[in-house]
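I opened my notebook to look up a few things in this model. Here is what I wrote down as I went.

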Amino acid sequence: MSDTSTTANLAPEDSEPPGPRPDALTGTPWTGADVLTAVVVGALTAVVTLVWRTEIVSTDPWHYVQAALHFPTTAWVPLGYTRYGMILPVVPVAHLLGNAQVTYYVWAVLASATLTGSLYLVARRWWGPIAGIVAVLLTVTNWVVFLNMSRYYPDVMSMALIMAALVVAIIVRGRFVGGLERSSAGTNALLVVVGFLLGWSFEARETALLCWPIVLVVLWVRGSIRRTVVLCGLGVLVWASLDVGISALAYGNPLLKPKTLLGQNLAGTTNPSDIAMAKKLVGKDRLFYLGYVARALGGPGAPPGGFWMLVVGALATVSVVLRDRAARLSGFAFLFAYVTFAGVGGMFLPDHPFGRLDVQRYWIAFIPFASLAAAGLLHVVARFVARRVRRPHWTPALGAALAVAVLLGPAATWAEEVAASPSLAPNGGAPLGEVRAYLAAHRVDVGTVWSDRHTLRLLPAYRKGPLGGRKLWTAGVRSLTGVDPNPVKGDYVLLVRTGPQTPCGFCARALEPWLKRHHSLPSNWAPVMATRNDGMVLYRVH
């Protein structure tokens, strides 16, 4: 009996005579409506990402765009400027539109849309449309994912590429198992595409390698293994060649990336932001690392919805005992990504962690797998119950009821945060657009705008409109937190709000030392505008 003959499928085919599918990981082929739905899901994700965006982040995302604008560059750490999968895609946009607001958002939005659209297609193929929607909503309502969807970090980007590779791998498997076009040029090209996407994911974030197994398992079909390895390898080789070639020509070391990766050691860090955490994360018991994320989700400083993340993780873990191969594979993918993440974070070598477990966005490496596995589990339970009561046509309704029950908690927490979070644009979380509008309306073309060093990184992108073009204001910018700042009459001073309601945490931390030295603002500074919720206040020097 096949693995799928005892499990449920929430697709419309439930009304057809029962019969085992030829292959559990091939699933039910998509229809045109399914592809259209995935496009709509991706488009809605893009809109939501843009509307509820955060301010441009003045650290890694800013550096990736700057590296694209001045490519190649050594004006950053090697681990950053060798992430060619993040930098190279931005190069055409950066050279077309320059240092503009859109340059920082375009690939983040595309990655988020790709992630959700691909998730829907995978879950729909394996279990049906309701499972597809559940997988998407569990991912999007996860606050760690949602907060980073508009930020050009490598975490969402790499997982979007992994999920896109999984979609293509399922198509290839369907061709292999069906015995049709097994050796066609189209199938060969798709295998190269899978390798290309996997290589790209690694060049975006190196730990994406820990997520490759689910794609490789889907491609593992007897009689096609050798060709699969060769053709996927060619796709990966494209990125490997780019990496080695650029590193050799631009930086004089073809093995710069592996050298940089092997040199990562939290125990020996000199980064001030890492030193404090190194004392908490180095030399612990191995079980400490394995349970770190789970404890963090239930302890102080947990992200909103941390309890529901634990619930989804528990459901994903249970899925590994199911007879449904696709759900079981998704569960194992989640556990493998989680355990290896804990491993490189210290469980494998407690005295030499290669990274930090406490950075929440790093958890995105296993969150989509947890959502996928949980959606599969709900699907299996719905069909099982429907068959037990001899009402197989109830499967969609039961699946929908289970979906509502599981999604209610995460969705309610997410909605509360969306309405209140100071990090999101509708709540004042993207204040520099308002600052740009004021400076442009008042034609601030002389004098200087003073601010903290992190805000100054972002201000040049707001000299122009959102899509670039001509400069709307041309006054100079200088650091208020640098050496001997001296705002004079006619200048402007831009101060970010500090504390938990700040729209820019890095900007606030950069300003705080200055505020400690100046207990009150000079009497000749007069406020002339404040952004929504006083996220930033602009002063005129008289």
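**Entry 1: the strands around Trp-450.** I began with Trp-450, whose bridge partner in β3 is Val-493. In β2, I found Arg-478 as the bridge partner of Trp-450. I am working with a predicted model, where local features need pLDDT of at least 70 and side-chain atom pairs count only at pLDDT 80 or more, while totals for chains, interfaces and linings use all residues. Residues are numbered from 1 along each chain as its sequence is written, and side-chain values use heavy atoms, with hydrogens and water left out.

I take helices (H or I, at least four residues) and strands (E, at least two) as DSSP runs numbered from the N terminus. Two strands pair if DSSP finds at least two bridges between them. β1 pairs with strand β2 (residues 476–479) in the parallel sense over four bridges. β1 and β3 also run parallel, joined by two bridges. On β3 I noted an antiparallel pairing with strand β5 (residues 536–541) over five bridges, in which Leu-495 has Val-537 as its bridge partner.

**Entry 2: which way the side chains point.** In a regular strand the side chains alternate between the two faces of the sheet. I call a residue buried under 20% relative accessible area, exposed over 50% and partly exposed in between (1.4 Å probe, protein chains only). Both faces of β1 are covered: Thr-448 and Trp-450 are buried on one side, Val-449 and Ser-451 on the other. In β3 (residues 492–496), five of five residues are buried. There, Tyr-492, Leu-494 and Val-496 point one way, and Val-493 and Leu-495 the other way.

**Entry 3: Asp-452.** I found Asp-452 in the loop between β1 (448–451) and α22 (453–458). A salt bridge needs a side-chain nitrogen of Lys or Arg within 4 Å of a carboxyl oxygen of Asp or Glu. Beyond its neighbours within four places in sequence, Asp-452 is in contact (heavy atoms within 4.5 Å) with residues including Thr-481, Val-496 and Leu-511.

**Entry 4: salt bridges.** I counted eleven in the structure. Arg-83 pairs with Glu-206, with the closest N and O atoms 2.9 Å apart. This pair links distant parts of the chain, 123 residues apart: Arg-83 sits in the loop between α3 (78–81) and α4 (84–87), and Glu-206 in the loop between α10 (185–204) and α11 (213–219). Both Arg-83 and Glu-206 are buried.

Asp-155 forms a salt bridge with Arg-205 (3.4 Å, N to O). Asp-155 is in helix α9 (residues 154–178) and Arg-205 in the loop between α10 and α11, so this pair ties together parts 50 residues apart in sequence. Asp-155 and Arg-205 are both buried. Asp-155 also meets Arg-361 in a salt bridge (2.6 Å, N to O). Because Arg-361 lies in the loop between α18 (325–347) and α19, that pair ties together parts 206 residues apart in sequence.

**Entry 5: confidence check.** pLDDT is the predictor's confidence in each residue, from 0 to 100. The protein chain has a mean pLDDT of 91, and 95% of its residues reach 70 or more. Over residues 1–20, pLDDT stays under 50.
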